[in-house]
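This report describes a protein chain for a reader who has not seen it before. Please look over the sequence and the structure first.

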Amino acid sequence: MGVFDDLVGQDQATTVLSRAAAAAGETVRGGRGAGMTHAWLFTGPPGSGREEAARAFAAALLCPDAGCGHCDQCHQVLIGSHPDLETVRPAGLSYSVKQTRELILRAAGAPTQGRWRVILFEAADRATESAANALLKAIEEPPPRTVWLLCAPAPDDLMITIRSRCRQVTLVTPGTEAVAHLLATRESVPWETARFAARAAQGHISRARALALDEATRHRREAVLSIPRSLTGVGECVSAAERLVKTAEEEAAASTGALNATETTDLRRLYGEGSTGKGLNRGLVRGGAGALKELEDRQKSRATRIKRDSLDAALLELISFYRDVLAMQFGAGVELANDDIRYELDQLAKVSTPEETLRRIDAIMRCRERLDLNVNPQIAVESMMLSLRVKTS
């Protein structure tokens, strides 16, 4: 089994990457492999597998057999332990110029095992403007053995000058059957459950896997999809907004609590807390005050990002609900993402018009935009809920 076999429904991208990896294997002494490109940009909708495709390509570049999938090199890349691969995952709202400059210095090092040093930059669109400018310089004049793999939802999410220097690989949303087949064969999920998860996730592979394997994820989805029929008054709208925001806050706290404590303890110990010796502990802890403040800022940014991502996932669920309602109102013969609650969809389709459904979808999209602009989540979500309200008279 090769490293590209897990790229579900990405035949075109797989062909491009396989050929490029094979070309990279034809080394030229003192230079690049024939046909090799030093910077790649992987784009595609959420869940299409941008990062997975980039990681598979990294394995193929570092594998002596262009991505066989079973050698030590491939295994190390796929589990994230290969010394010549650095994976960057921005945890906060943005990736700073300071972090980028440090990354560029590390990227300049020579490979230790293979022909290439690979930098896989997930969510490269989170780089600030100054960080993007620093990254541009590194891509324009890369070390001879460094390859940059950038991932972003769409090409327009990155500066045009960066895009123009990258070879682009576009991922697509895989179909329901392809995702269901992956869940059934790789995760041993019963076929009906696999089809439900693939359909509900609308081709988002990670989301489909979570729906198929995690009961808590299914419960959260059910809670979100129960919101539209509950919005019969102003009080109900406010309550629904409070629940949605509180759930996102709880998820952020659960995801970051233990990690924050560990990071803080490790940093305090690094700066001498608990050390013995006259004046040693006080001086080193005081010297680490700036580092502790910087860590706290990163932790807050990470928690905000997780909270925002959680809210956005719920909003996307709501959009899928109203998209299905709209499809039923127009009699479109398309697959319904939420076919398991067809009765609720049909009820709302009968008591509302397509124009009202479109206005509700627009309200959700406005809420997503406001959250991206750092509007108070409670206010943004309450405003949205009021726009979704079902008038009973």
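The sections below cover the overall build, the salt bridges, a pocket and a surface patch.

## Basis of the model

This is a predicted model, in which local features need pLDDT of at least 70 and side-chain atom pairs count only at pLDDT 80 or more, while totals for chains, interfaces and linings use all residues. Residues are numbered from 1 along each chain as its sequence is written, and side-chain values use heavy atoms, with hydrogens and water left out.

## Overall build

The protein chain has 17 helices and five strands. Helices (H or I, at least four residues) and strands (E, at least two) are DSSP runs, numbered from the N terminus. Along the principal axes, the C-alpha atoms fill a box of roughly 75 × 60 × 40 Å.

Of the 393 residues, 44% count as buried. Buried means under 20% relative accessible area, exposed means over 50%, and partly exposed lies in between (1.4 Å probe, protein chains only).

## Salt bridges

A salt bridge is a side-chain nitrogen of Lys or Arg within 4 Å of a carboxyl oxygen of Asp or Glu. By this rule the count is 22 salt bridges.

Arginine 195 and glutamate 177 form one of them, at 2.8 Å from N to O. The pair links distant parts of the chain, with arginine 195 in helix α8 (residues 191-201) and glutamate 177 in helix α7 (residues 176-186), 18 residues apart. Arginine 195 also meets glutamate 335 in a salt bridge, at 3.6 Å from N to O. Here the partners are 140 residues apart, and glutamate 335 is in the loop between α14 and α15 (342-351). Arginine 195 is partly exposed at 21% relative accessibility. Glutamate 177 is partly exposed at 41%, and glutamate 335 is partly exposed at 41%.

Another salt bridge joins arginine 342 and aspartate 339, whose closest N and O atoms are 2.7 Å apart. Arginine 342 is partly exposed at 42% relative accessibility, and aspartate 339 is partly exposed at 30%. Elsewhere, salt bridges that share partners join Arg55, Arg89 and Glu122 into one network.

## The second largest pocket

Rolling a probe the size of a water molecule over the atoms shows where empty space is left. On a 1 Å grid over the protein atoms alone, a pocket is an open set of points where a 1.4 Å probe fits, with protein on both sides within 12 Å along at least five of seven lines; lining residues have an atom within 4 Å of a point. The second largest pocket holds about 520 Å³ of space. It is lined by 22 residues, and the closest to its centre are Tyr95, Ser96, Gln99, Glu294 and Arg298.

At least two lining residues come from each of β2 (85-88), α4 (97-107), α12 (234-270) and α14 (289-330). The most come from α14, with seven residues. By class, the lining has six nonpolar, six polar and ten charged residues.

## A nonpolar surface patch

Leu373, Val375 and Ile379 make a nonpolar surface patch of about 300 Å². Patch residues have over 30% relative accessible area and no salt bridge, and nonpolar side chains (Val, Leu, Ile, Met, Phe, Trp, Tyr) are joined within 5 Å. Valine 375 is in the loop between α16 (354-372) and α17 (377-388). Valine 375 is partly exposed, with a relative accessible area of 31%.

Terms used. Patches are made of residues with over 30% relative accessible area and no salt bridge: like charges are joined within 9 Å, nonpolar side chains (Val, Leu, Ile, Met, Phe, Trp, Tyr) within 5 Å. Accessible areas come from the Shrake-Rupley method with a 1.4 Å probe; for residues, only the protein chains shown count as cover. Grid points are joined across faces, edges and corners, and a volume is the space filled by probe spheres set on the points. Ala, Val, Leu, Ile, Met, Phe, Trp, Tyr, Cys and Pro count as nonpolar, Asp, Glu, Lys and Arg as charged, and the others, Gly among them, as polar.
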